[in-house]
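Here is a friendly walk through how two chains meet. Shall we take the questions one by one?

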2 protein chains.
Amino acid sequence: MTQAGCPFTVIAVARTDRRDRESTPVQSALNPDERGTLEFRAPYEEGLAGLAEFDHAWLLSWLGGAETSEPTPLTPPTPPLRQVPFLLRPGGREMGVFATRGPRRVNPIGLSLVRILEIAGRQVRFAGVDLVDGTPIIDVKPYVTRFDRPPGEPRCGWFDSVPMPARVTPAELTDGSPPPRS
Amino acid sequence: MTQAGCPFTVIAVARTDRRDRESTPVQSALNPDERGTLEFRAPYEEGLAGLAEFDHAWLLSWLGGAETSEPTPLTPPTPPLRQVPFLLRPGGREMGVFATRGPRRVNPIGLSLVRILEIAGRQVRFAGVDLVDGTPIIDVKPYVTRFDRPPGEPRCGWFDSVPMPARVTPAELTDGSPPPRS
C-alpha cells in the first residue's frame with residue numbers, strides 16, 4: 001500500500017492535533033507530553049507483536065507530503081544542501097543539511113523518538129509529538145539502550161549552543177528575534 | 001542519483017570490510033571499534049558542512065540490495081511480519097518485525113549509530129560497523145543527546161533478556177546453540 005508521493009509502503013498514519021509544520025514542535029523530545037496515535041494499516045498489525053514491552057520507539061516518517069499543504073510532486077525537488085535550521089532562524093546561520101534534523105532533506109525521512117503508552121489492536125498511543133496529522137509512517141523500530149545510547153556526553157555541534165525551549169515551533173523562531181525561553 | 005532497487009536518492013555508499021550480512025556484526029554499538037568510510041556522492045558534499053562538530057551520527061541505509069547477493073527486485077517482497085531476530089535464533093522465538101531491529105523490514109531502512117572520526121572532502125571516516133560494503137546511504141542525521149536520549153533506563157523488551165556479545169554476527173547465532181559470550 002503506497003501513498004501518492006511516498007516511494008515506500010506506508011505502514012501507518014500518525015494522528016495528532018497538529019495541522020501544519022510551522023505550528024508543530026520541532027522535536028518530540030521538546031514536546032514529550034503531547035499525545036498522538038499511530039493508526040496501523042490492517043496488513044501490518046501483526047508486526048507490532050512484542051512492541052508493547054518497550055518504553056520507547058523510533059518512528060521513521062515520510063516528510064515529503066503531509067508537511068506542506070501543496071500537492072506532493074512524485075519526485076520532490078532537491079532541497080538546498082545548506083539551510084538555516086528552524087532553531088538557528090533567529091541568527092540566520094546556515095548548516096549542511098546532514099548536520100541538521102530538519103524536514104527538508106534529500107530524502108525527506110523523519111526520525112522521531114516517542115514514548116509508547118498503549119498498543120490496542122492497530123492503534124499505538126504515544127507521547128512526544130513532532131509530526132503533523134496525517135504524516136505517513138514507513139517504519140517503527142524499538143528503542144534499545146544498548147544500541148542507541150552512545151557513552152558519555154557526546155559533542156552535538158551547533159545544538160550545544162542554541163536554546164531549545166520546550167514545545168518550540170518553527171513559527172516562534174523568526175529571523176532576528178531570540179527564541180522564547182521555556 | 002538512484003540505484004537499482006532503491007526508491008531514493010543515494011547520497012553516499014558505505015565502504016567496509018564486510019562482504020555479506022551473515023558475517024557482519026548485527027549492530028554498530030556491538031562493534032564500536034571497527035572502521036568504515038562513507039563515500040559521499042559529489043552533489044551532496046556540501047550537505048556535510050557542520051557535521052564534523054558532532055561526535056556521533058545516525059546513518060539511514062537502504063538494506064534492500066547490498067544485504068543479499070541476489071539481484072534486487074524493484075519491489076522487494078514483503079518480509080514475514082513475525083520473524084526470528086538474529087539475536088533470538090538460538091531459541092527460535094518470533095517477534096513482530098516492528099519490535100526488532102533486523103534488516104528484513106516492510107521498508108528495509110537501516111538505522112546505525114556511528115562515531116564520526118574525520119571528514120575530509122567527500123569521505124566520512126567512522127567507527128561502528130554493521131553495514132555490508134556497498135550499502136547505499138540515504139540520509140545522515142547528527143546525534144543530538146537532547147533529542148535522542150530518553151530519560152532514565154527504559155524497558156527494552158526482549159533485548160533486556162538476551163546476551164548481546166561484542167561483534168556477534170548472524171552466522172554465529174544458530175538455532176539451538178547459545179550465542180558466544182564476549
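The questions below look at the interface of chain A and chain B in this predicted model.

Q: How do you know which residues of chain A and chain B are in contact?
A: Contact means heavy atoms within 4.5 Å. By that cut-off, 62 residues of chain A are in contact with 63 residues of chain B.

Q: What is the area buried between chain A and chain B, and how much of it do carbon and sulfur atoms give?
A: The buried area is about 6,100 Å², and carbon and sulfur atoms give 61% of that. On the side of chain A, the residues that lose the most area to chain B are A:Phe98, A:Phe147 and A:Arg155, together 14% of what that side buries.

Q: Why are the two copies said to be related as by a two-fold rotation axis?
A: Chain A superposes on chain B by a rotation of 180 degrees, with 0.0 Å of shift along the axis and an RMSD of 0.0 Å. The two copies are therefore related as by a two-fold rotation axis. The same surface serves both copies, as 100% of the contact residues of chain A recur in chain B.

Notes
Residues are numbered from 1 along each chain as its sequence is written. Chains are lettered from A and ligands numbered from 1 in the order in which they are written. This is a predicted model: local features need pLDDT of at least 70, side-chain atom pairs count only at pLDDT 80 or more; totals for chains, interfaces and linings use all residues. Side-chain values use heavy atoms; hydrogens and water are left out. Buried area is the accessible area (1.4 Å probe) that two parts lose on being put together, summed over both. Copies are superposed by least squares on the C-alpha atoms of residues with pLDDT of at least 70 in both.
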